Amino acid sequence: MSPQPDTAGAAGRADPEQVRTGLSGDLTDLTDLTDLTDQVIASFAGASSPRYREIMQTLVRHLHAFAREVQLTNAEWEHGIDVLTRAGQLTDDRRQEFILLSDVLGLSMLTVGINAVASAGATESTVLGPFFVADAPEVPAGGYLAGEAKGQPCHVSGTIRGTDGMPVAGARIEVWQADADGCYDVQYPGGRTAGRGQLRAGQAGEYRFWSVRPAPYPIPQDGPAGDLLAAAGRGPMRPAHLHVKVQAAGYRTLVTHMFVAGDPYLDTDAVFGVKDSLIAEFAEQPPGPGPEGRHLDGPWTSVTFDIMLARQPEEP
């Protein structure tokens, strides 16, 4: 978000009387702006869904309170509308600028925390991020999902179990990541698919695949989220990680990361997504024979990351 002129002083604040007399219809009779808030809240009273009614009335209450607290000016309101407009223009099926805004404002992680399952031993969740794409290509066990993504070869393996210790056979694992240059496939022209795939866990819950070692990268800075960070003097970097989404019948869907131990940005993640339990050791390996019968001409890395899924609550 670009810096705006300081209009929060007395000279830049909207005169409440001018606001009231400029409203149309019955709103011109308001004795103060609180009446406006009350009328908007009341307008949702007839909603057929109690949850929708609760969300919208609470949203209006807090949104109006925010505008009153900061004495929002017309210019600032217009700038906010422009931010949302630009976010919409940048969003498509391969990039989600609204999710990125939610991420850098900490709303994504707050929502993750609010909805975190209270299940001892379950792998912790973190943000989905703006670059998830459904229907990634299928990769066989031990297969290579990096495609054209550049980077040092990396072998990833682990076991998927429930919190009771039982293996979750057939669990679907979706993986996506940035390449050595810090870019996801969707950030390149041409619509290629790389550093992205899905596979199934084996009968013992085991999974394994080859990709490339993830690298730290800056979040996209060509949109409102990047402008917001620049105006705040915040860094745009995310620590190196693999995104993982795991689904299995009878279990809660898990969206998480594997973070690279020792990454310099673990403490300053632009989207507040790091959790200590998700930091894994990506071990350096010498050239030579590797898993799945591969022979590596240069150094490579390996990581083992076991995943524990929480049971889906039973329907009441």
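Analyst: In helix α4, Val83, Leu84, Ala87, Gly88 and Leu90 meet Glu97, Phe98 and Leu101 of α5, where a contact means heavy atoms within 4.5 Å. The model is predicted, so local features need pLDDT of at least 70 and side-chain atom pairs pLDDT 80 or more, while totals for chains, interfaces and linings use all residues. Residues are numbered from 1 along each chain as its sequence is written, and side-chain values use heavy atoms, without hydrogens and water.

Helix α4 covers residues 74-90 and helix α5 residues 97-104; helices are DSSP runs (H or I, at least four residues) and strands likewise (E, at least two), numbered from the N terminus. Their axes lie 8 Å apart, at an angle of about 130°; axes are lines fitted to C-alpha atoms over the stretch in contact, and angles run from 0 to 180 degrees between N-to-C directions. The two helices are therefore oblique to each other (under 35 degrees is roughly parallel, over 145 roughly antiparallel, 65 to 115 roughly perpendicular, the rest oblique). Their contact has 6 nonpolar residues, 1 polar and 1 charged (Ala, Val, Leu, Ile, Met, Phe, Trp, Tyr, Cys and Pro are nonpolar, Asp, Glu, Lys and Arg charged, the others, Gly among them, polar).

A second pair is helix α2 (residues 33-42) with helix α3 (residues 50-70), which pack at about 160° with axes 9 Å apart. That angle makes α2 roughly antiparallel to α3. On the α2 side the contact is made by Leu33, Leu36, Thr37, Val40 and Ile41, and on the α3 side by Gln57, Val60, Arg61, His64 and Arg68. By class, this contact of α2 with α3 counts 5 nonpolar, 3 polar and 2 charged residues.

Now the spaces. The second largest pocket has 22 lining residues, and Asn115, Ala116, Val117, Ser125 and Thr253 lie nearest its centre. On a 1 Å grid over the protein atoms alone, a pocket is an open set of points with protein on both sides within 12 Å along at least five of seven lines, a cavity is a set where a 1.4 Å probe fits but cannot get out, and lining residues have an atom within 4 Å of a point. At least two lining residues of this pocket come from each of α6 (107-114), β8 (254-260) and β14 (307-309), and α6 gives the most, with 3 residues. The pocket lining divides into 10 nonpolar, 9 polar and 3 charged residues.

The largest cavity is lined by 14 residues, with Gly129, Pro130, Phe131, Tyr217 and Arg238 closest to its centre. Its lining has 10 nonpolar, 2 polar and 2 charged residues.
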